[in-house]
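This report covers a two-chain model. It begins with one backbone detail and then widens to the folds and the interface.

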Amino acid sequence: MFWRLSLIPAAFVVVLAGCGNEGAGIPVSLKDHRFSPAEIHVPANQPALILLNNQDGAAEEFDSTALKVEKVVPGHETGNVRIRPLAPGRYPFMGEYHADTARGVVVAD
Amino acid sequence: MLAALVIVFREVIEAGLIVGIVLAATRGVPLRLRWIALGVAGGVIGACLVAAFAGQIANLFSGSGQEIFNATILALAVIMLTWHNVWMAGHGREMARHMKSVGAAVSAGERPLAALAIVVGVAVLREGSEVVLFLYGIAQSTTAGSMFAGGALGLAAGAVISALMYYGLLAIPAGKLFRTTAWLITLLAAGMAAQAVLFIQNAGYLQLLTRSLWDTSWLLPDGGEGWRGILGKMLHTLVGYTAAPDGAQLIAYLGSIVAIFALMRWERGRHPGGKLVAKPA
């Protein structure tokens, strides 16, 4: 309880500090349960924003334990997928509902 | 069909484990099944609503509505689990003593039951909305029939997890059961608090201490594909296992444990009568 209260002022400071440094966002589309591009390059050690446009009728869950992201994007919607600052490397992700085709990797370099 | 089974099972693990723990924690409390069924039913209705309005929810908070929503209901579950543990710290012993005299236990059991029904509802809602979206998606595909069969089997497998958790906990002697479930519920709450912090970070807030402190995903991932992913996810739900936690998550996890035990201790101090039957673990 108490720790959470102390986080509130900290959160405001960080919110203000953390805004607007993600760049414009990297558009990625999902069609026929395939990501395009399937290899997404982001600068290392900086937050990034992926704008995932799901062009299929079915919902998809952008899922990556490496990126610590689980995000459902309903059919014909665009979802914001925030990428935390990453050490250089390759971070695989998948569309959990169609994992046989919906696969990709975020490359931090 | 197997794919659908695995996907739905992976989604319902968390709800299954939580229902099992709640069933064990309320052992011997009258009317508990009614409350838990109420929680499950509320969760299912909520899941359908969340799935139906997924687009609208996502568009809130400049595209981070889903993350904020998840963080909020996780925080609600953490508060309810804390309330249950703290309440039990004050009344648990006297409740255990009166367990066989039904009249006393009815009134004694009511309050934590409402809290736990909310916890069950939240767990079912969170995982259920993803199941509904998945099944709704495959309803449009050509192989819908066999996929639905797989989904139904996945749900059944989740129910089996509930049953295994419940009967496994019942094997613990009655005198130690509440102590065990208090620990389980504390770790459950701590894991949820850490998960809530992750959602807040993914919503773009609290960009603090976001570096991973270590990474044990080579040993056991905390989710994803394969049986290791399922095992890791179960541990993730039960004790908050996270393969690569960051500083903020770790603080939330440890801070929750400390806060819950401090509150339990404080509440126990207000009910000195309970010490009459105190015994070592």
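Helices (H or I, at least four residues) and strands (E, at least two) are DSSP runs, numbered from the N terminus.

The model is predicted: local features need pLDDT of at least 70, side-chain atom pairs count only at pLDDT 80 or more, and totals for chains, interfaces and linings use all residues. Residues are numbered from 1 along each chain as its sequence is written, while chains are lettered from A and ligands numbered from 1 in the order in which they are written.

**Backbone points**

Chain B also has a positive phi in a residue other than glycine, at B:Ser62.

A:Pro37 sits in the loop between strand S2 (34–36) and strand S3 (39–42) of chain A.

**Chain A**

Chain A contains one helix and nine strands. Along the sequence the pattern is α-β-β-β-β-β-β-β-β-β. Of its 109 residues, 40% count as buried. Two residues are in contact if their C-beta atoms, placed from the backbone, lie within 7 Å. Among the contacts in chain A with a separation of 6 or more, 58% are between residues 24 or more positions apart.

How many residues of S6(A) are buried? Five of its five residues are, and the strand is mostly covered. A:Val69, A:Lys71 and A:Val73 point one way, A:Glu70 and A:Val72 the other, and all are buried. Strand S5 (residues 60–64) of chain A is joined to S6(A) by five bridges, and the two run antiparallel. Strands pair if DSSP finds at least two bridges between them. In this pairing, A:Phe62 has A:Lys71 of S6(A) as its bridge partner. Four residues lie between the strands of the S5(A) and S6(A) hairpin, where A:Lys68 takes a positive phi near 60°.

**Chain B**

Chain B has nine helices and zero strands. From the N terminus on, its elements run α-α-α-α-α-α-α-α-α. The chain has 281 residues, and 51% of them count as buried. Of the contacts in chain B with a separation of 6 or more, 82% are between residues 24 or more positions apart.

A nonpolar core is a set of buried Ala, Val, Leu, Ile, Met, Phe, Trp, Tyr and Cys residues joined through C-beta atoms within 7 Å. The largest one has 107 residues, and B:Ile18, B:Ile21, B:Val22, B:Val119, B:Val120 and B:Ala193 touch the most other members. Helix H5 (residues 102–138) of chain B gives the largest share of this core, 17 residues. Beyond its neighbours within four places in sequence, B:Val22 is in contact with B:Ile36, B:Leu116, B:Val119 and B:Val120.

B:Leu76 lies in helix H4 (residues 65–98) of chain B. Is B:Leu76 partly exposed or buried? It is partly exposed, because 16 other C-beta atoms lie within 10 Å. Not counting residues up to four places away in sequence, B:Leu76 touches B:Ile118 and B:Val122. B:Leu76 and B:Ala115 are 39 residues apart in sequence and 9.7 Å apart in space, C-alpha to C-alpha.

**The interface**

Here 29 residues of chain A are in contact with 31 residues of chain B. On the chain A side, helix H1 (2–18), strand S6 (69–73) and strand S7 (77–83) are the elements that give two or more residues. H1(A) gives the most, with seven residues. By class, this side has 16 nonpolar, six polar and seven charged residues. Ala, Val, Leu, Ile, Met, Phe, Trp, Tyr, Cys and Pro count as nonpolar, Asp, Glu, Lys and Arg as charged, and the others, Gly among them, as polar.

Terms used: A residue is buried if 20 or more other C-beta atoms lie within 10 Å of its own, exposed if 12 or fewer, and partly exposed in between; C-beta atoms are placed from the backbone.
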